[in-house]
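Please look over the sequence and the model first.

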Amino acid sequence: MSLVFETIETEGLAEISYLLGDDEEGVAAVFDPRVDVDIYIELARAKNVSITHIFETHIHADLVSGARELCSRVESAKIFVSHEGGARYGFEHEAVKNGDTFKLGCVIITARHTPGHTPEHVSYLLAEKDHPERPWGVLSGDSLFVSSAGRPDLLGDSQTEKLAAQQFYTLRDFYLKLPDSVIIYPGHGSGSPCGADIGDRLSSTIGYERPFNPFLQFDDVKSFTKHAVSTAPPVPKYYRLVKKVNADGPEVLGNLPRVPGLPPKAFKKALEEKAGVLIDTRTMLAFGAAHIPGALNIGGTPMLSIWAGSLLDPNEAILLVLESDNDLEKIVRFFIRTGFTKFGGYLVGGMKAWQNASFPFAQVGQITVHELKAAGDRLQIVDVRSQREWNGGHVPDARHIFLSELCERADELDQSKPTAVYCATGYRASIAASILKQRGFDEVSNVPGSWHAWRKAGFAVDGKAAKE
């Protein structure tokens, strides 16, 4: 007999889910599953367990829940969600309340109401069945992270102060009263917008977080609230919609959405008939060299999930240009994680087929940081990083417009002036350059390497970095 405990990280969204079970009894639970659920089914099969319980720590805003999808594929499973804080759901489930316990083979799981990130949030204490009073771990969801804590401002200004106070008391009266030996298994890792400056490690202990986690150092609600709100990263625009979808119950897909392959002529016709929004998922350099006019470049990395959610309408079908036709399944997975299930088709053979068909293409210039520096004031320089990144240092004379605000604020820029866009590495800058091209900016350049390359070159900077 052995405990089954697997950590599943969803890159890009920096979400962490868990498979917990007992291979002697052949049972397992999944906590906070993502919507592409094959990974849990395959893990369970490999570990010789059957998924019987599906737990949610809270109503997620950052990704589409896979609870209903997983439940539909493993008939023996039930979904367990919190009814604390007045939460209500539009799908079949079992209610979880503070203090409820579940026996899963050798493990006792105890639900604890830990509000603050959301009103209904629960965490799950883990203990051996012979020592239920002495937990060895806690699945903390979005309440406590490594070096951080869940943000309290996702339900709007009217709820922020109340949630921040709840978060303060959750941290002080629940987590800080746990033994130092308790291992923390959070719902997110570094890079998630659900918390500020989440640490790189995927787990920690109460004993380590107690002296080092900034969110555990406050003695009063007022100072805690100020810190929690002021350090929170920008809220992705899709959060509110996804939260509603998860409360109502996401559509059960049964499989990945069908994406028809369209040869160049049919793909061109679909574009002319406005059958969907054109998304090019190739790398920034490939996109810059040649792309279909009007395309939005969201590179096919796990970060696509966040930026699709922030920039696109899930009710509009997507027409895809891929690096390789073999990338289709991977790219579709990235899309469905933030609620995109409608696809008009993909360009069979990619840009090579498009060019061989003698159809028109456009380009975006790519310039080095050395060329950016040498250009001086001949270029309009736009920084599309977050406010926090900008405050930490930026290229002198640059203009700051965060990427998710660019569509609404593009008119603030001089369309007649040659423009260069940069971010941290060039990924977001390429998205921004394609947005500006859509809006009639003819002379737009991306800066591969962007801020990282600028700093590596040792060039002068403005902002905080200039004082270091």
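A residue counts as exposed when its relative accessible area is over 50% and as buried when that area is under 20%. The model is predicted. Most residues other than glycine have a negative phi.

- Asn-48 has a relative accessibility of 60%, so it counts as exposed.
- Ser-358 is found in the loop between helix 11 (350-356) and strand 20 (365-366).
- Because its relative accessibility is 67%, Ser-358 counts as exposed.

**Packing of helix 9 and helix 15**

- Two packed helices are described by the angle between their axes and the distance between the axes.
- For helix 9 (residues 304-311) and helix 15 (residues 427-438), the axes come within 12 Å and cross at roughly 30°.
- Angles under 35 degrees count as roughly parallel, and helix 9 and helix 15 are therefore roughly parallel to each other.
- The crossing of this pair, helix 9 and helix 15, is right-handed.
- Helix 9 contributes Leu-304, Trp-307 and Leu-311 to the contact, while helix 15 contributes Tyr-427, Arg-428, Ile-431 and Ile-435.
- Sorted by class, the contact of helix 9 with helix 15 comprises 6 nonpolar residues, 1 charged residue and no polar residues.

Methods. Residues numbered from 1 in each chain as written. Predicted model: local features only at pLDDT ≥ 70, side-chain atom pairs only at ≥ 80, totals over all residues. Heavy atoms only, no water. Buried < 20%, exposed > 50% of the residue type's maximum accessible area, 1.4 Å probe, protein only. Helix = DSSP H or I, 4+ residues; strand = E, 2+ residues; numbered from the N terminus. Axes fitted to C-alpha atoms, helices over the stretch in contact; angles between N-to-C directions. Parallel < 35°, antiparallel > 145°, perpendicular 65-115°, else oblique. Left-handed = near helix turned anticlockwise from the far one by under 90°. Contact = heavy atoms within 4.5 Å. Nonpolar A, V, L, I, M, F, W, Y, C, P; charged D, E, K, R; others polar.
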